[in-house]
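Here are a few exercises to work through with the model open in your viewer. Try each task before you read its solution.

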Amino acid sequence: LAPQLNEARVKTLWQELMGKTITTYTSNVSVRKNVLYLSILSAPLKHELSYSKDKIRTLLNDELGEEFIKDVVIR
């Protein structure tokens, strides 16, 4: 049950941590097998976030209090 709760919490945390601007350009946030999948609508933002994958993973894991997210995939 804990993984499903963390998946739901990640979606909420994405909005809180990334702010309104990034959330506006995010069409989908999902977690499968401890991998965070992000669908970004803006090509420049997608490019910028691709350089910040480790920071995103660390930020979310710190908020969750465990190493739940193992990787970030931006599409």
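Predicted model: local features only at pLDDT ≥ 70, side-chain atom pairs only at ≥ 80, totals over all residues.

## Exercise 1: the core

The largest nonpolar core holds 19 residues, and those with the most contacts inside it are V10, W14, L36, L38, L49 and I56. Here a nonpolar core is a set of buried Ala, Val, Leu, Ile, Met, Phe, Trp, Tyr and Cys residues joined through side-chain atoms within 4.5 Å; buried means under 20% relative accessible area with a 1.4 Å probe, protein chains only.

Residues are numbered from 1 along each chain as its sequence is written, and side-chain values use heavy atoms, with hydrogens and water left out.

**Task.** Find which elements give two or more residues to this core.

**Solution.** Start with the list: α1, β1, β2, α2 (43–50), α3 and β3. Helices (H or I, at least four residues) and strands (E, at least two) are DSSP runs, numbered from the N terminus. Next, pick out the top giver: α1 gives the most, with 5 residues.

## Exercise 2: the sheet

**Task.** Work out the strand order and how the strands pair.

**Solution.** Two strands pair if DSSP finds at least two bridges between them.

1. Strand β1 (residues 26–32) runs antiparallel to β2, with 6 bridges joining them. T26 stands opposite I40 in β2, and R32 stands opposite V35.
2. The two form a hairpin with 2 residues between them, and K33 in the turn has a positive phi of about 50°.
3. β2 runs parallel to strand β3 (residues 71–74), with 4 bridges; L38 stands opposite I74 there.
4. Put together, that's an open sheet of 3 strands in the order β1-β2-β3, with mixed pairing. β1 and β3 stand at the edges, each with a single partner strand, so one side of each is left without a neighbour in the sheet.

## Exercise 3: what covers β2?

**Task.** Say how many residues of β2 are buried and which helices pack there.

**Solution.** In strand β2 (residues 35–40), 5 of its 6 residues are buried. Helix α1 (residues 2–24) packs on the sheet, touching β1 and β2 (contact means heavy atoms within 4.5 Å). Helix α3 (residues 53–64) lies across β2 and β3. Zooming in, L36 touches V10, I56 and L60, among others, not counting residues up to four places away in sequence.

Methods:
Buried < 20%, exposed > 50% of the residue type's maximum accessible area, 1.4 Å probe, protein only. Axes fitted to C-alpha atoms, helices over the stretch in contact; angles between N-to-C directions.
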